[in-house]
Amino acid sequence: MGATYSTLEDLHQCLTHEFGLVAEAPHRGSWRTYFWRRVEWHPSRSTRTVKVLMDAAGRPWKIQLCVSSDNNNSVFLTAPFMHDALKQAIDGEIRQLAGALQR
């Protein structure tokens, strides 16, 4: 599985179908947010996992790892988005999120 994702459509398919994330409804903006299991925004139980940021042409530019990030320490993956690296990063976010929600 050495795929590289360069379009939002391909990346969206990977994130939702293969990795099982839930996409927030599309909105007018240069990003798309994905959640683990369900869309939950409440600060103490948020399931936000990744935020895909697009460039001016609408191509995925960066992916913010939401569980690993806070206001002072944003963690980003940068294009090109390789399948194995993306899977490893998202699996890590889900592990952290699952641990936090169990507390």
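Here are some notes on this predicted model for anyone meeting the structure for the first time.

1. Ground rules. Residues count from 1 along each chain as its sequence is written, and side-chain values rest on heavy atoms, with hydrogens and water left out. As this is a predicted model, local features need pLDDT of at least 70 and side-chain atom pairs count only at pLDDT 80 or more, while totals for chains, interfaces and linings use all residues.

2. Cysteines. How many disulfides does the model hold? The count comes to zero, taking a disulfide as a pair of cysteine sulfur atoms within 2.5 Å. The sulfur of Cys14 is 16 Å from the closest cysteine sulfur, that of Cys66, so the two are too far apart for a bond. Cys14 is buried at 3% relative accessibility, and Cys66 is buried too, at 7%. (Buried means under 20% relative accessible area, exposed over 50%, and partly exposed in between, using a 1.4 Å probe and protein chains only.)

3. Helix α1. This helix covers residues 8-18, and its buried residues are Leu8, Leu11, His12, Cys14, Leu15 and Thr16. (Helices are DSSP runs of H or I with at least four residues, strands are runs of E with at least two, and both are numbered from the N terminus.) Thr16 comes in at 18% relative accessibility, so it counts as buried. Just after α1, Gly20 has a positive phi of about 75 degrees.

4. Helix α2. Does the length of α2 agree or disagree with what its residue count predicts? It agrees, because the 20 residues (83-102) should span 28 Å and the end C-alpha atoms are 28 Å apart. The expected span is 1.5 Å times one less than the number of residues. Buried residues in α2 include His83, Leu86, Ile90, Ile94 and Leu97.

5. A search of the whole structure turns up one aromatic pair. It joins Phe35 and Trp41, whose ring centres are 5.2 Å apart with planes at 75 degrees, so it is edge-to-face. (Rings of Phe, Tyr and Trp, the last by its six-membered ring, pair if their centres lie within 6.5 Å; planes under 30 degrees apart are stacked, over 60 edge-to-face, and the rest tilted.) Phe35 is buried at 0% relative accessible area, whereas Trp41 is partly exposed at 44%. Elsewhere, the charged end of Lys51 sits over the ring of Trp31, 4.8 Å from its centre, and Lys62 lies over the face of Phe76, 4.9 Å from the ring centre. (That requires NZ of Lys or CZ of Arg within 6 Å of the ring centre and within 35 degrees of the ring normal.)

6. Backbone spots to check by eye. The Ala79 to Pro80 peptide bond is cis, with omega near 5 degrees; Pro80 is in the loop between β6 (76-78) and β7 (81-82). Arg37 has a positive phi of about 75 degrees although it is not a glycine. Arg37 is in the loop between β3 (31-36) and β4 (48-54), and is exposed at 61% relative accessible area.

7. The largest pocket. Its volume is about 330 Å³.

Note on methods:
On a 1 Å grid over the protein atoms alone, a cavity is a set of points where a 1.4 Å probe fits but cannot get out, and a pocket is an open set with protein on both sides within 12 Å along at least five of seven lines; lining residues have an atom within 4 Å of a point. Grid points are joined across faces, edges and corners, and a volume is the space filled by probe spheres set on the points.
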